[in-house]
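This briefing goes through the architecture of the structure shown below, topic by topic.

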Amino acid sequence: MIKFILNRLMTLAGLLFLLSVITFWVNVRIYDIDLHGQLLPEYGKYMRNLLCLNLGTSDISGRPVMDLIRDTLPSTAGLLFSSLMISLIIGISCGSTAALTIDRTTSTVLTDISIFAASVPVFLIAVFLIIAVSLNITAIPSSDELSYFYEVPRITAIRLIDILLTDSGRKSEMLYNCLLHLVLPAATISVLPAAELTRITRNSLRNVMRQHYMQAAMSRGWSVFYIVIFHGLRNALPEIFIRLPVLINLYFTAVVTAEFVFNWPGTGNLLIAAAQDRDRPVIMGIFLFTASVLLTLNSVLSLLARFTRPVTAEQAR
Amino acid sequence: MPLLDLKNLSISRGEGERNRIIDNVSLTIDQGDIRALIGVSGAGMSLIMTAIVGIRRRGLTYSAERYRIDGTDVQKLSPARRRRFIGRKIFIIFQDPRMNLDPAMTIRRQFREILSLRNFHDRWYRYPGWKSRRMENLLIRVGISNYRKVLRSKPGELTDIECRKINIALALAYEPELLIADEPLSAMSVSSESQILSLLDSVNKNEHLTMLIGTNDLAPIAKLAGSVSLLYAGQIVETGKTQAVLSSPKHPYTRRLIRSMNEMGGELDHDEMFSELGGIFPSWPELPIGCRFGPRCPMAERVCLRTPPAVKLPQGHVWKCHFSAPSDSE
Amino acid sequence: MNSKSLRGILCLLAAAALLTGCGSKPPLPGGGLSFCASSELRTPSPWIEDLNQTSASSAANMFDRLIEQDPASPHSFLPSLAQSWEVSGDGLEYTFRLRTGVEFHSSSFFVPSRPMDSSDVVFSFEKLMRSDSIYYLNDHELLRFPQQSGMTDLLKSVTAPDRSTVVFRLHRPDPSFLRILSSDFAVIVSKEYADFLRTFGRDPDFFNSHPIGTGPFMFDDFREGKYLRLKRFSHYWKGPGSGNVRTLVFDFTDIQWRRMIKLMTNECQVMNSPAVSDIEFLEGSRDTRVYRREFLNEILLAFNTESSVMHNPFVREAIIRAIDRTAIQKIISFDDGSASDAIIPETASGHGAKIVPTVYPFSVEHARQLMTASEARLPLELTVWADRTNLNNEYRDSRLYQILRHELAEIGIKLKIIRMSRSAMRNHRARGRYDLAIINAQFTLSDPSEEIRSVFGCSGADDNFSNFCDERMRLDLERLRTEPDEKKRVTISREISSRAVEAMSFIPLSRTQDTYVTRENIHGVQRTQNEGLSFMNTVIGSHD
Amino acid sequence: MTSGTIRHWASCLWGTFRGRPLFLTGLIGLICYIIIIAAGTLFMGLDPYRQNISEYFVPPSLSFSFETGFNRFIMGTDDLGRDIFARVVFGARNTLFAAVFAAAAAAAVGIAAGFAAAISGNPVLNILRRTMLFLAATPSVLIAVLMTAIVDPSLRHVAEAVALSLLPGFISSSYRIAADELRKKYVIALRTDGAGKMYITRIILRNTAYLFAGMTARAFSTAIIDIASICFLGLGAHHATPELGLMISEGMAFIYRGNYWCIIFPGIAIVSAVLIVNIVGSALKTAIRKGVFENASS
């Protein structure tokens, strides 16, 4: 097991190194750095900056890139977390329902919806939501994180938590406003991952439900809810984890698009604005940051998949 | 009053006689009895057993004239109550011993789950830690001495025989009224087989646990079972007390089986016997029209191939053949 | 068999639905008004911002000036923080008598101990004039207002003989000096605040990021690129006024359709720069009112004369002739006027200005011949930098680019258009490789000289994207800087711009007129001298 | 290829498509799509660039009058008076071509590399394969953004970015498929019979072709979505280029006034393209599996 972890860590380290080489090369190309055969010293300088989290300063605003990321990341994290929760709840419950009602209308309908939803680009969903919801129900806003009229002290930098922590007289009002702002972006982000999760859960849970231990548990007359969660999903986890990288990709695109369309003050929006302004330090900084986060996440997921997989008889011997 | 009273269970894939995979199977098991259900794989044993515990496969239609457990008409219960009722009364162990256990859970947790989810309202042993004591006792009872290690392990780390014993221990912990075991002896060495057999015997004797054991081999179970039913292509061809069936088999299939068992000293398995018989084992969708054993029966006549035989039942010994008293001379 | 699980899932869904909420409209918090501004501010301090409507509006609402332009007659002035003023006979000395008892805003960490007096005025102007001042935002930024208005060259000294008198001394007589002082950007700030901050060593940054003024609204919060929030100042010296706006938010929304959606969904009550094609729609809508602005916004095409291709005048002329500017004018601003070569129109009345016939009429044939004559290798690929922010809007820009691309393709020129903000363009200019630049220039009709000097200026620090400058222009720019008479300055400005067009370094593409739009229940938004919007007397009516 | 094999494949294909109504619908959709694009771009004389200011925001209709004939703009016009139908047709062509390029390039390179790694057993290739497993989740938007830092955005670069993001997935799954296949008995038997690597590769490729068909189809639909998304974010095609994602991005500017047709038609074009590709892809997968593993007569 330790060998496996070490293996993954080594691979991760190698990939991060590769990433730094790629970004270094891009930097050399962008700024026409004359290497003069001094490749290693230049690279060393670059790496030293990276390790000190010095990602350069923005061409446009003149602020350090790391500050920009630090400013915007909490908003993205809040949005990501809430949509993650929504899509997990919806995806897993729909997937479980579909797996349990296989060959019945419920299952067919759920599967068809999830296949159709996976064919819709996320920006179409965002546009559709603006048209269908925001323009009709004016209470649900189509941009920003919180009405600019409210003042929230910056404690954790995640708005929702900050609001819960303040003791302002307009707390409930602010909370309501914040949740209303969250509706459309979170819905946009959750749709595709929820659909994908429905499919993943359905397929892996269906395989698990065929196993004898599940049939035995079902025959004991216990609550289906209990059996599905504590036996079914528990055993479906490894397969779900293996397929989660697809979801990471979906989430990334969805978050960037949703932040762009709904003007959410997050890192994705910053990235798109930087790309449109060709603000190279910001692009490179966020790329490096996001790519290393994604790589780390990937290795964590593969570790999780490995640890949740039950020991088989062959391995035990 | 019999514990299990099942009459004319039919499981079919579509309409008509020939689509009945299980054709009018009746089973009555008395309290404390061990009933052996004997048939080759593919004869429909698993299907009958899962049908009894209420697991239905997709694409099949189930029907039964009567289904009572302990005098309660199960078919009249609502689906949710039926599940709970059957669950309390019956414990099923499937063929693969390891796959009966959740691979992601330690044995201790599985015991704990069974001990917690089964409602023991009236039990005396509800002192703190009774669950651990109980599971340890049960493991010792089924002959596992290194129970500490076993309780810590997950099924993947245990051997087949251990898993079988754990299954039986779990069944004992659950305290069902009927234990259904599907091929509890398959793919085991002779010594392990006898271990399990004696364990089942002692459980039956001491805990008075009624059992329905499905197997494809008559010989080892003959000493254990009080009564046997022989299944062929979804039909029960002969039922009776073990002694009666063994001494005077009525159905040609049974006779063939018993004769080969006697000749080979119990070593003969089904495949060899049927290679002697010739023909192939019928299965859906090529079930015969008349008597299902007809095409392979050594004493078949024309009528056997055309019409299904009726059931003959003199004094508790039931068989299904066109000929009322086949001679022993064959 | 699974009715129970279904029930559980339904419960979860219901909980999720409750969480996301689908209730009624929340009440607008405390008489709040949100202004969706088309350009963003980098600081809440208007005097270090680009001159545009947003910064002018923030200056107008947070600060006061010594004098104000009379809305009734553009060449006379009304007293504001100054009660009265005198001009010496030689026109070199201006003496202002200040109003007493004018209170500054207070903030959570600073409470002014005294009302405004002459030292504040002296400080406010010295801070702008002194090139060694510590009030620079960033070292690469310019102090926009004083440099553009020419005040740095004009003003010799500011002195305070006593607590209620301020004397301005000029290098030379300039009748437009009062106009400079009445500009939205000539604001009065608190010296006491600066001193207070200096004791903590937080002077320049905090002073700029948390400004203290005397205006009807006081600074509350600012987030770069997002919003500026102001609160009503209860001790305003002019009294409470008739307005009921308690919180004022500048919502920086540079994407045009988002401004529109915010206006339609009442997230904003006021917006500026709607798409021209939307004005008809907005005027027809029951929910909105449209106010046209008397202000000129010109889109210019600059030829980078330092680029190897654009150095060739044949290519430049070919490009000018290949562009159907009448069509562009029609498409961009739905204006039926014909295209003109004049950057500053003859009459100063703005909309519907008489336009001189063009020297370079549209002719694709002629353009093709010119291209052949230029011996440039076809297809020619040109890099175009396009101004993304400032006063433009997304919609109009993309249309403009498409038309340009379409028309220049006819004569074998391929365009590679890179959109960036004005400040990004300015930063990249020195080492950038571009052939053409599309810029938005904003002229005040009564005195366009500030923008003229920025756009056509000869020093490297200006926004002159053509990099073209000859002796005559240099002289004219010098004359413009020193010319006291306002009318003459307009003439010189016109000369400079026509010289630039003549030299084919610039060509006007279209001229638009900006407007602002409010919800129907908003009344009493006032325009200020620099086309800012003042919300002091704005009334938010009830919905119906 | 003999006429017998052609007949065999034709019957497999037709049999599969006929077998399920869904597949048949997908096939009909595909044919319609291709016909519309081909006819629209080649024969109908549509011009996605032609602007006509006097006819801006004409709503879509199928009205017919004897004087003027059919309405010229069945999908309406946009703010510059350009025919949305023409733009959708050309946009679909541009988007789909870019997606075809991305998917095909990624599939060709990825499958070749994965097979090479699996069959040669070269440790260097193996390490490469391992790294690809990690990179399999690199979002295409991220790569596209990085590319804007180096080169100017254009549809070609978007297609390249999407191809790059699809590549790791292809490499790792084709490696896995080939490795699984290599472990099978028939391959071991072939090896012991002394078959060469090229021969084994060919056999394995034939037996796994249906998997790759499915993968490529999925990659194709992903590429369509990704290219449209990247262009929507303004990191792709130039402004005037007819491109479906970009059209929607521009159409956003009119939704508040109810001119939904600027968005709906490109949206339908994207979604239907993705659905058709998915359906036809899974049909092809079934058909190829049938063709390889089943006898034509059965």
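Along its sequence, chain A of this predicted model follows the pattern α-α-α-α-α-α-α-α-α-α-α-α, with twelve helices and zero strands. The points below take up chain A, its side facing chain D, and then the sheets of chain C.

**Overall build of chain A**

- Taken along the principal axes, the C-alpha atoms of chain A fill a box of roughly 70 × 60 × 40 Å.
- Of the 317 residues in chain A, 49% are buried.
- When contacts in chain A between residues at least 6 apart in sequence are considered, 73% of them join residues at least 24 apart.
- Ile5(A) belongs to helix H1 of chain A, and it counts as partly exposed because it has 13 C-beta neighbours inside 10 Å.

**Packing of H3 and H11 in chain A**

- The axes of helix H3 (residues 65-100) and helix H11 (residues 280-308) of chain A come within 9 Å and cross at roughly 60 degrees, which makes H3(A) oblique to H11(A).
- The crossing of H3(A) with H11(A) is right-handed.
- On the H3(A) side the contact is made by Val65(A), Leu68(A) and Ile69(A), while H11(A) brings in Pro281(A), Val282(A), Gly285(A), Ile286(A) and Phe289(A).
- Sorted by class, the residues in this contact of H3(A) with H11(A) are seven nonpolar, one polar and no charged.

**The side of chain A that touches chain D**

- Between these two chains, 39 residues of chain A are in contact with 34 residues of chain D.
- Two or more residues each are given to this side of chain A by helix H1 (2-31), helix H5 (122-134), helix H9 (224-261), helix H10 (267-277) and H11 of chain A.
- H11(A) supplies the largest share of the side of chain A that touches chain D, namely ten residues.
- By class, the residues on this side of chain A divide into 26 nonpolar, ten polar and three charged.

**The four-stranded sheet of chain C**

- Four strands of chain C form an open sheet in the order S4-S5-S7-S6, with antiparallel pairing.
- Strand S4 (82-87) and strand S6 (155-162) of chain C stand at the edges, and because each has a single partner strand, one side of each is left without a neighbour in the sheet.
- Direction ignored, neighbouring strands of this sheet are turned against each other by 20 degrees on average.
- S4(C) pairs in the antiparallel sense with strand S5 (residues 93-98) of chain C over five bridges, and Ser84(C) stands opposite Arg97(C) in S5(C).
- S4(C) and S5(C) form a hairpin with five residues between them, and in its turn Gly91(C) has a positive phi of about 75 degrees.
- Helix H3 (residues 118-129) of chain C lies across S5, S6 and strand S7 (165-170) of chain C, and runs at about 165 degrees to S6(C).

**The seven-stranded sheet of chain C**

- Another open sheet, of seven strands, has the order S8-S9-S10-S1-S11-S18-S12 in chain C and mixed pairing.
- Its edges are strand S8 (217-223) and strand S12 (288-292) of chain C; each has a single partner strand, so one side of each is left without a neighbour in the sheet.
- From one strand to the next, the twist of this sheet averages 20 degrees.
- Strand S9 (residues 227-232) and strand S10 (residues 247-252) of chain C run antiparallel and are joined by five bridges, with Leu228(C) standing opposite Phe250(C) in S10(C).
- Helix H2 (residues 53-62) of chain C lies across strand S1 (32-37), S8, S9, S10 and strand S11 (270-272) of chain C, and runs at about 140 degrees to S8(C).
- Helix H9 (residues 256-264) of chain C also packs on the sheet, where it touches S1, S11, S12 and strand S18 (515-519) of chain C, and its direction makes about 160 degrees with that of S1(C).

Technical notes. Residues numbered from 1 in each chain as written. Chains lettered and ligands numbered in written order. Predicted model: local features only at pLDDT ≥ 70, side-chain atom pairs only at ≥ 80, totals over all residues. Axes fitted to C-alpha atoms, helices over the stretch in contact; angles between N-to-C directions. Parallel < 35°, antiparallel > 145°, perpendicular 65-115°, else oblique. Left-handed = near helix turned anticlockwise from the far one by under 90°. Contact = placed C-beta atoms within 7 Å. Nonpolar A, V, L, I, M, F, W, Y, C, P; charged D, E, K, R; others polar. Buried ≥ 20, exposed ≤ 12 C-beta atoms within 10 Å, placed from the backbone. Pairing = 2+ DSSP bridges.
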